[in-house]
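Take a moment to look at the sequence and the 3D view below. We will start from a single residue and then walk along a helix.

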Amino acid sequence: ADFSPYAQQLIKDDPTAVWIYTIASHGIAMTKGVRALGYKGKVFWSFEAVPEYLVDQAGGQVWGASAFLSPHDPEAAAKVPELAKLLEAAKKYGTSSSISVGTTRGWVMGIAMEKALKACGFPCDKSRLAQIMSNNFTIDTRGLTGGPITWTKDDHYGCRYLTMYEAEAKKEITRILPEWLKFCPGDEFYPVK
């Protein structure tokens, strides 16, 4: 599909950066569209929406925000034992698709389910499981996020932690935000430089 009309609208005022938060195929097409029209500024993705391994298809350079470590982050793989376990499992058992931030998110969901099912015991009915997971249920993400995740009756995430990556076609990605940004329910938003 030709995304030129949408790309033109995004860059008509020559912004410093363009944030493309959409499904993967549209993220790639929009990135190609703005680059084809000569846009040289920064293009931001959410790596949870458009996986980091698709940067090669979009061409050029992309910055990606993420609430989870990327399995393509060579520094994190060396420093976070749980990410090393994820990578080893992917290598051992294989996968029909590329691993990504979404894979890390799935691994964290597995950590949550393991803890919840152990707490529930066997047999475990769905109402008891829901009660366990909505009563200040907290998991240690083992370094795969910036901190723990807590579920309550009214909040199914708790504080969120975000990091940022720089990715360029045919190159390894680089984490450019070494400290996690923390946003909790009720926090006021502030500009990120």
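Leaving out residues up to four places away in sequence, Ser 70 touches Glu 52, Leu 83, Val 101, Tyr 165 and Ile 173, where contact means heavy atoms within 4.5 Å. This is a predicted model, in which local features need pLDDT of at least 70 and side-chain atom pairs count only at pLDDT 80 or more, while totals for chains, interfaces and linings use all residues. Residues are numbered from 1 along each chain as its sequence is written, and side-chain values use heavy atoms, with hydrogens and water left out.

You will find Ser 70 in the loop between strand 3 (61-66) and helix 4; helices (H or I, at least four residues) and strands (E, at least two) are DSSP runs, numbered from the N terminus. Ser 70 is buried, with a relative accessible area of 0%. Here buried means under 20% relative accessible area, exposed over 50%, and partly exposed in between (1.4 Å probe, protein chains only).

Now turn to helix 5, which spans residues 81-93. Which residues of helix 5 are buried? They are Glu 82, Leu 83, Leu 86, Ala 89 and Ala 90. These residues lie on the same side of helix 5 because they cover an arc of only 120° around the axis, the arc being that of the directions from the helix axis to the C-beta atoms. Their cover includes helix 4 (74-79) and helix 6 (101-120).

On the face turned away from the buried side, helix 5 carries the exposed residues Pro 81, Lys 91 and Lys 92. After helix 5 comes Gly 94, with a positive phi near 70°.

Conventions: Expected span 1.5 Å × (residues − 1).
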